[in-house]
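The structure is shown first, and the discussion follows.

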Amino acid sequence: MKALRRLGFRTVNGIAHLGRLTVFVGDIGNNVVRPPWRFRRLVDEIFDVGVLSLVIVCLSGATVGAVLGLQGYVTLSRFGAEGSLGAVVGLSLVRELGPVLTALLVTGRAGSAMAAGIATMVTTEQIDGLRMMSIDPIDYVVKPKALAMLLAMPMLNALFILFALFGGYLVGVGLLGVDGGTYVSSMENAITFEDDIAGTLLKSAIFGALVGMIATYRGYTSEPTSAGVSASTTGTVVTGSVAVLLFDYVITALWGV
Amino acid sequence: MQPSPVRDLIVGLFVALGLAAIAYLSIRVGGVGYGTPGGLLLYATFDEVGGLKPRAPVAVAGVTVGQVRTIGLDDLLRARVSLDVDADLHLPVDSSAAIRTQGLLGDQFIALEPGGEDDLLAGGDEIQYTESAISIERLIGKFVHNSGIESE
């Protein structure tokens, strides 16, 4: 009986969360399309999300590319098809690994910090302070953060892929002796703009919107205690990562990218 | 946060870098706008193109001189391929086009064999002599059939 009651509570609570999230996102969207633009705040947030994630994204990209080159080479050389290494590395990076890994990294690096930042503002009553000065906290705090995530994600994704392609080239051509021209031309023949590059940009933009939304929502609705701050940070990373992987499947199934 | 000119500069650099990476991926890797205006557009009709794909390379004597633009069907249900090659390529009118494979399992490409005529192919011309892709399955089928080992 008690378990049943808890299940009912959880279900109703989950649906209520979904409703609040929808209103929250609508509120952000409403503020995005109307002045004031808060351009100065946006630049600061892009610094936090984009520039500070740059090192980890580029480093991970190069490592992932190098590992892909190594793994791909071992499998392909069994069939004497080392010439297709560029296509294998390039396609798997552009279509799947680039957007998904970038989104997971940014969720861990910037999404958690974003949620913790807003949750701390809730706890220390800074959000209430803003409201008292009749400054809408959604407009001043939340909107620039969510927008910065949406804008920075495709750029970080493109940089991740570039560094990974470079890492794969370094291992495949430099270390394992695949012909450089074959590597590059098989990659360029396999990847097309309409199917692959447009798809990767679309994916990372959707992931950016998703992570920005979840991080700001979890921070904004956190309990005003120190336990609440830590819960909202953990919740952001868990929910964000699962949402990214889930949406990756949905996007791939819908549009085949 | 206090406004800081240095941070603005760094954010500007980051945005420029990100946009440059997107542009590089689109143009170099994705191949947007490869067809430079003034490139020579040629047509060739094949009975069978096999696994030829748009953007496959076009080569003369193994040197890449262009790429496949489009692959479609003509009125007689044969494969019509348009090729985009360098404009300064002097190809005689009796040149031939063949679909070849890079290595045993590699991608397919179009090999152009220059002919001996004095007249040159101009933009929009059709390459008369073509050689279709070799289908290994069909070859094996023919071989099995000719040896008299037919299945019941």
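Which residue in S6(B) is the bridge partner of B:Ala97? In this predicted model, the partner of B:Ala97 is B:Leu112, which lies in S6(B).

## The sheet of chain B

The bridge between B:Ala97 and B:Leu112 belongs to the pairing of strand S5 (residues 96-101) of chain B with strand S6 (residues 108-113) of chain B, which is antiparallel and extends over six bridges. S5(B) is also joined to S8(B), here by three bridges and in the parallel sense, and within that pairing B:Ser96 has B:Tyr129 of S8(B) as its bridge partner.

These strands are part of an open sheet of eight strands in chain B, whose order is S7-S1-S4-S3-S2-S6-S5-S8 and whose pairing is mixed. The edges are formed by strand S7 (126-127) and strand S8 (129-131) of chain B, each of which pairs on one side only.

## Two hairpins in chain B

Strand S2 (residues 57-60) of chain B pairs with S3(B) in the antiparallel sense, over four bridges, and one of the facing pairs places B:Ala59 opposite B:Thr64 in S3(B). The two strands form a hairpin with two residues between them, in which B:Ala61 takes a positive phi near 55°.

S3(B) takes part in a further hairpin, this one with S4(B), in which five residues lie between the strands and B:Leu77 in the turn has a positive phi of about 60°. The pairing of strand S3 (residues 63-73) of chain B with strand S4 (residues 79-85) of chain B is antiparallel and runs over seven bridges. Along this pairing, B:Gly72 stands opposite B:Arg80 in S4(B), while B:Val68 has B:Leu83, also in S4(B), as its bridge partner.

## Domains of chain B

Chain B is divided into domain 1, covering residues 1-32, and domain 2, covering residues 40-141. Taken over C-alpha atoms, the centres of domain 1 of chain B and domain 2 of chain B are separated by 40 Å.

## The helices of chain A

Chain A contains nine helices and zero strands, and its pattern, read along the sequence, is accordingly written α-α-α-α-α-α-α-α-α. Along the principal axes, the C-alpha atoms of chain A fill a box of roughly 65 × 55 × 30 Å.

Helix H6 (residues 137-175) of chain A meets helix H3 (residues 54-78) of chain A, with axes that come within 6 Å and cross at roughly 40°. That angle makes H3(A) oblique to H6(A), and the crossing of the two helices is right-handed. The residues of the contact of H3(A) with H6(A) divide into 18 nonpolar, seven polar and no charged.

## Packing of H2 against H6 in chain A

Helix H2 (residues 39-49) of chain A also packs with H6(A), at an angle of about 55° and with the axes 8 Å apart. H2(A) and H6(A) are therefore oblique to each other, and H2(A) passes H6(A) in a right-handed crossing.

On the side of H2(A), the contact involves A:Arg41, A:Leu42, A:Glu45, A:Ile46 and A:Val49, and these meet a set of residues in H6(A) that includes A:Tyr140, A:Pro144, A:Lys145, A:Leu147 and A:Ala148. The residues of this contact of H2(A) with H6(A) divide into 10 nonpolar, no polar and three charged.

## Where the chains meet

Between the two chains, 31 residues of chain A are in contact with 29 residues of chain B. On the side of chain A that touches chain B, the elements giving two or more residues are H2, H6, helix H7 (180-190) and helix H8 (193-220) of chain A.

Which helix gives the largest share of the side of chain A that touches chain B? That share comes from H6(A), which gives seven residues. The residues of the side of chain A that touches chain B divide into 19 nonpolar, eight polar and four charged.

Methods:
Residues are numbered from 1 along each chain as its sequence is written. Chains are lettered from A and ligands numbered from 1 in the order in which they are written. This is a predicted model: local features need pLDDT of at least 70, side-chain atom pairs count only at pLDDT 80 or more; totals for chains, interfaces and linings use all residues. Domain bounds come from an automatic or database domain assignment. Axes are lines fitted to C-alpha atoms, for helices over the stretch in contact, and angles run from 0 to 180 degrees between N-to-C directions. Angles under 35 degrees count as roughly parallel, over 145 as roughly antiparallel, 65 to 115 as roughly perpendicular and the rest as oblique. A crossing is left-handed if the near helix is turned anticlockwise from the far one by less than a right angle, and right-handed if clockwise. Ala, Val, Leu, Ile, Met, Phe, Trp, Tyr, Cys and Pro count as nonpolar, Asp, Glu, Lys and Arg as charged, and the others, Gly among them, as polar. Two residues are in contact if their C-beta atoms, placed from the backbone, lie within 7 Å. Two strands pair if DSSP finds at least two bridges between them.
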